[in-house]
Amino acid sequence: MAVISYIDAVTQALKEEMALDENVFILGEDVGVRGGVFRATAGLIEEFGENRVMDTPLTESAIAGVGIGAAMYGMRPVAEMQFADFILPAVNQIISEAAKIRYRSNNDWHVPLTIRAPYGGGVHGALYHSQSVEAIFANVPGLKVVMPSTPYDVKGLLKASIRDNDPVIFLEHKRAYRLIKGEVPEDDYTLPIGKADVKREGDDVTVITYGLAVHFALQAAEKLENEGISTHILDLRTVYPLDKEAIISAAKKTGKVLLVTEDNKEGSVIGEVSAIIAEECLFDLDAPVKRLAGPDIPAMPYAPPMEKFFMINPEKVEKAIRELAEF
Amino acid sequence: MTNNRHEKLGLSDESVLEMYETMLLARKIDERMWLLNRAGKIPFVISCQGQEAAQVGAAFALDRKKDIIAPYYRDMGMVIAFGMTAKDLMLSGFAKAEDPNSGGRQMPGHFGQRKNRILTQSSPVTTQVAHAVGAALAGRMKGENIVALTTFGEGSSNQGDFHESANFAGVHKLPVIFMCENNKYAISVPVKKQLACENVSDRAQGYGMFGKTVDGNDPLAVYEAVKEAADRARKGEGPALIETVSYRLTPHSSDDDDRTYRTREEVEEAKKTDGLITFAAYLKDVGILTDEKEKELNDKIAAIVDEATDYAENAEYAEPESALKYVYEE
């Protein structure tokens, strides 16, 4: 099995789905000749032509809205938002339209649209190239919000998102693009949207997280194993709708739960995870649920010390796991 | 003797009579909905009155078996021309399970019907404009040579989605007709406080597209403009912005009181050029519509509206728990 980067897994999934289904096409800013500002669509215009890898004007709301219209007409568009931070002008189209079209038409129309957007910090991106935007979409029935952590999950989940008959927001951690590498089968496979994945088995403390923080948790767990602390890690993979069963069983497994997100703490998706645990397995807990998240400031600043202060890292996760283990 | 205008446009006597009948049916359904609303039987109405001529004229200029529309909430005349029935519309008015637009989930005026190529609509205005562009793009990708027509009010022409969609369609030369039904009011705000330019169609130039303003009370003028736009679009000459100028004869909706922002005299004056009256006069002048035929049409439509009302009133609501269905594919 080939070892490839997280971003190469994105490109591979797009390329395979475009080859399999002529209704799949890409639209977005700089996705064509430039191959995307991160190069996620590199090589695709050469292979599939400019009609299927479409450079659009700077027009986020129309990228989403045109994608919705094309999807209703029977295409499977993959729209790229250049940075998740810039998705806000498209939010009316995503929340008022894409999310509600099947419901409001009583199943007459549907929107098989995937919207990809790079999110997340640790890349010196400052306030407007670092944000986590998932909480905006994570209480919108009709949407699915997928946030993979590994190249294997990226490929399987992106292919599943493109084949899904409902709109999917597919958020890719931009720090993970070239940092994270992993084994990815060259053949065709999909992974189920809405299913979390145990990334490490353990007995003392459960960490529930997603995205880049999964890797921070894995690094912390590796280190803590030497101290005799065994960590169980659940990767949510889909943050909306949540995999409740997997959350409950992971929480029950150790009775001590650490929730980690790179987003601001209040109102983030881990708050909902915490509510599920409180509702379903309070009496299985041996310690209060602990949350590790970004501070409640607008977004991470540019200056490296302040950015580092905001970001989650393996040391912060390690410290939080140890505190829970010692509780 | 009045000049026969429709023949020059390639429209048969039967076609123009059908146009009139469609306009009249829309008007009569709309009027009935107001009565039902005032009688406390349906919670909400939003009207087509004053815009039927533009809606029907435009629809007749399209290939109604092939083209796709993304209408807005006043377009009852247009959706009837595309195949929606009086019964369908009344079921929507009464929010009953059989309503093909939404099964009673949406307010009336939120049209959508896949089998008749009517894209589903929401309440935030102008979002549908981008969907028409997407449908036109998809049609071109599939090699189907369709035209997508979308409508919106002059108020909506100030929204970002109008600009983004028109520019997108202009750049990619897509077969889209942007039809602005300028009825001179965005709820209470008159067109002078909505636009700094004289006509909405003046904006076409900025998008590199064909633009034209026509009398929205004249279905033949609208037909001609939309036909020209559709022919151009089908030949690959790109999108068009057609502005139809008419007047909103009713308050914005059943929850509005237009006496608070415009005079009765102004409304009465506008009624003199109501497309239903002026088009009936034209049809009489060219000898297609007689008093006898007019009475026959009115009787026929009254019966259709009665039957649709009775059917919809007695139809079942969807089961309350069915509210949980169709969030995602099932």
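Author: Arg5(B) lies over the face of Tyr282(B), 5.9 Å from the ring centre; a charge sits over a ring if NZ of Lys or CZ of Arg is within 6 Å of the ring centre and within 35 degrees of the ring normal. Likewise, the charged end of Lys96(B) is placed over the ring of Tyr317(B), at 5.0 Å from its centre. This is a predicted model, in which local features need pLDDT of at least 70 and side-chain atom pairs count only at pLDDT 80 or more, while totals for chains, interfaces and linings use all residues. Residues are numbered from 1 along each chain as its sequence is written, chains are lettered from A and ligands numbered from 1 in the order in which they are written, and side-chain values use heavy atoms, without hydrogens and water.

Over all chains there are 13 aromatic pairs (rings of Phe, Tyr and Trp, the latter by its six-membered ring, with centres within 6.5 Å; planes under 30 degrees apart are stacked, over 60 edge-to-face, the rest tilted). One of them is the tilted pair of Phe38(A) and Tyr177(A), with 5.2 Å centre to centre and 55° between the planes. Phe38(A) is partly exposed at 22% relative accessibility, whereas Tyr177(A) is buried at 2% (buried is under 20% relative accessible area, exposed over 50%, partly exposed in between, with a 1.4 Å probe and protein chains only). In chain B, Tyr185(B) and Tyr247(B) form an edge-to-face pair, 6.1 Å centre to centre with 90° between the planes. Tyr185(B) is buried at 9% relative accessibility, and Tyr247(B) is buried with a relative accessible area of 7%. Finally, Tyr6(A), Phe38(A), Phe83(A), Phe86(A) and Tyr177(A) make up one aromatic cluster.
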